[in-house]
Amino acid sequence: MKLSQFKFKLPEDRIAQYPTHFRDECRLMVVHAKSGVIEHRPTFRDILQFFDEKDVFVFNDTKVFPARLFGSKEKTGAKIEVFLLRELNAEMRLWDVLVDPARKIRIGNKLYFGENESMVAEVIDNTTSRGRTLRFLFDGSHDEFKRNLYALGEAPIPKQIIRREAEPEDLENFQCIYAKNEGAVTAPTAGLHFSPQLMKMMEIKGIDFAFITMHCGLGNFREIDVEDLTKHKMDSEEMHVGAKACSIINKAKDEGRHIVAVGTTVQRTLETAVSADGHLKEFDGWTNRFIFPPYEFTLADAMIANFYLPYSTLLMLTCAYGGYDLIMKAYKEALKFNESDPKNRYRFGTYGDAMLILQD
């Protein structure tokens, strides 16, 4: 497959700027991979109609932290955006970050954050054309440091969501309700559609939940700069699959139940941790698995996705799962559906609508 095969025209006004008022009220498209039938459902809650007792939904319980900081450079006062990627060393307060504009930052520069310059960081390494390692200068405990650092941060919502300034609800909206393990700089967006009420209804129906962790990084959204997709390298992301999740998922597989991957990060985690016999095994480590068509999936026989942007690795994985021709046809149909009615047409991106892909 080539990068150019994942191009489609997406008007800017089709990218959702806010989530629906209630998480489970977004529109749902249902794609039947075998028959090629495409259904249009008015609300995400309709997903309940497709699953029964003992079916399993697999969720990514990573938690997003306020990773976007705005500071100034010493002496010049130049405004600098710092995007926290991951903590490298807790004791030394070392962080892997992206800075913008990158050309203004050199090793040894100090950056100041907060109204009273309450947080100071020193650039100690230039690792890539944009990446940097910062050492934050802070004398208190690690817990105090993290509280202070996060108090200065904003929700790392994607650039396609345009804000003149951060809004108080941004971090809550950009977080799955079951988020637990902190470490993500972007949300596993397919999980944003689940409300407490919907998950309670699923429990009452007897549907089982399994939780894995993949700390979603910006690599999911980096531009691909090669036409030949086999030459693209994904950034590594930390993932954890515990014994409990393995037990729930493997039992469902052996009993012939549905296993639903909630999002692309769950799919990549499952495909990384699956064993040769088709069962899930415990895993603690990192993965840079890049999935694009053609690809044979092992565990999940259903998947929930968002409507992703052109050229994205997320779209590529979705096409690998549902079939390239069918998913691209579904996207064309989504763009034409109620095209003249802004309130009832499909919305794309992080806060957009959902797609359920069924393999049976």
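This is a predicted model: local features need pLDDT of at least 70, side-chain atom pairs count only at pLDDT 80 or more; totals for chains, interfaces and linings use all residues.

Modeller: Arg 86 belongs to strand S6 (residues 79-89) and Asp 96 to strand S7 (residues 94-100), and the two are ten residues apart.

Colleague: Is Asp 96 buried or exposed?
Modeller: Asp 96 counts as buried, because its relative accessibility of 17% is under the 20% limit. Arg 86 is partly exposed, with a relative accessible area of 33%.

Colleague: What does Glu 87 pair with?
Modeller: Glu 87 forms a salt bridge with Lys 146, and their closest N and O atoms are 3.8 Å apart. Glu 87 lies in strand S6 and Lys 146 in helix H1 (residues 142-152), so the pair ties together parts that are 59 residues apart in sequence.

Colleague: And which accessibility class does Lys 146 fall into?
Modeller: Lys 146 counts as buried at 16% relative accessibility, whereas Glu 87 is partly exposed at 27%.

Colleague: Changing topic, where do Glu 203 and Lys 200 lie?
Modeller: Both lie in helix H3 (residues 196-205), three residues apart, which is about one turn of the helix. Glu 203 and Lys 200 form a salt bridge, with the closest N and O atoms 3.8 Å apart. Glu 203 is partly exposed at 43% relative accessibility, and Lys 200 is partly exposed at 48%.

Technical notes
Residues are numbered from 1 along each chain as its sequence is written. Side-chain values use heavy atoms; hydrogens and water are left out. Helices (H or I, at least four residues) and strands (E, at least two) are DSSP runs, numbered from the N terminus. Buried means under 20% relative accessible area, exposed over 50%, partly exposed in between (1.4 Å probe, protein chains only). A salt bridge is a side-chain nitrogen of Lys or Arg within 4 Å of a carboxyl oxygen of Asp or Glu.
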